[in-house]
Amino acid sequence: MTVLTTERLILRDWTDDPADLARIYDIYSRPEISRYLGVAPGLPMTNPAQAAERLRSWQERHAADGGRYGTWAIEVRETGQVVGTALLKPLPGRDAAVRTDDIEVGWHLHPDAWGHGYATEAARAAVAREFAAGTREIYAVVSSGNEPSMAVARRLGMTQVGQRSDWYGGELLETFVLRAPDA
């Protein structure tokens, strides 16, 4: 199901289609991706079957969200190639299980898609939709050293507010915030 579209991209639900599962595995088996996803168990993936498990966990996480939040495939309109993942969701608290009221935007792109502005374009669309739904501020949390993701946050107009450990089991993360234009 298509969730959002931009000039170049379609953000849609990941599916259990073999091509989607293969791409999930290709992205999340890469150390250059998983090293920045600190508290995520099962990363990097070492077995293609883990892609189906990851998809199920995303579906379960967002089952009660009515489509408002999600972990979505980023597909290039022109080619149909899935280049990564965009996410919009309530941040998990210090216990890593209970959701907070803080909303996170995030992105994980395959290295072959780096440098094309896809992360910024996808995140900008997700943020705009969430602001239209009434959210007043949105966070991006980034592992220290992940300069490319910090650059995306800055391109979105987010303000770096230092390191915080409020979420993801208390992991210390570089924190960026963007307030709604009329806030």
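Aromatic rings of Phe, Tyr and Trp (its six-membered ring) are taken to pair if their centres lie within 6.5 Å, with planes under 30 degrees apart counted as stacked, over 60 as edge-to-face and the rest as tilted. The structure is a predicted model, in which local features need pLDDT of at least 70 and side-chain atom pairs count only at pLDDT 80 or more, whereas totals for chains, interfaces and linings use all residues. Residues are numbered from 1 along each chain as its sequence is written, and side-chain values use heavy atoms, with hydrogens and water left out.

Ring pairs join W14, Y28 and W58 into a cluster. In total, 3 aromatic pairs were found by this rule. The pair of Y28 and W58 is edge-to-face, at 5.7 Å centre to centre with 70 degrees between the planes. Because Y28 belongs to helix α1 and W58 to helix α3, this pair ties together parts 30 residues apart in sequence. Y28 is buried (under 20% relative accessible area, with exposed over 50% and partly exposed in between; 1.4 Å probe, protein chains only), its relative accessible area being 2%; W58 is likewise buried, at 6%.

A tilted pair is formed by Y139 and W167, 5.1 Å centre to centre and with 55 degrees between the planes. Y139 lies in strand β6 (residues 137-142) and W167 in the loop between β7 (159-164) and β8 (173-179), 28 residues apart. Y139 is buried at 7% relative accessibility, and W167 is buried at 1%.

Helices (H or I, at least four residues) and strands (E, at least two) are DSSP runs, numbered from the N terminus. L21, I24, Y25 and Y28 of α1 meet A51, A52, R54, L55 and W58 of α3, contact meaning heavy atoms within 4.5 Å.
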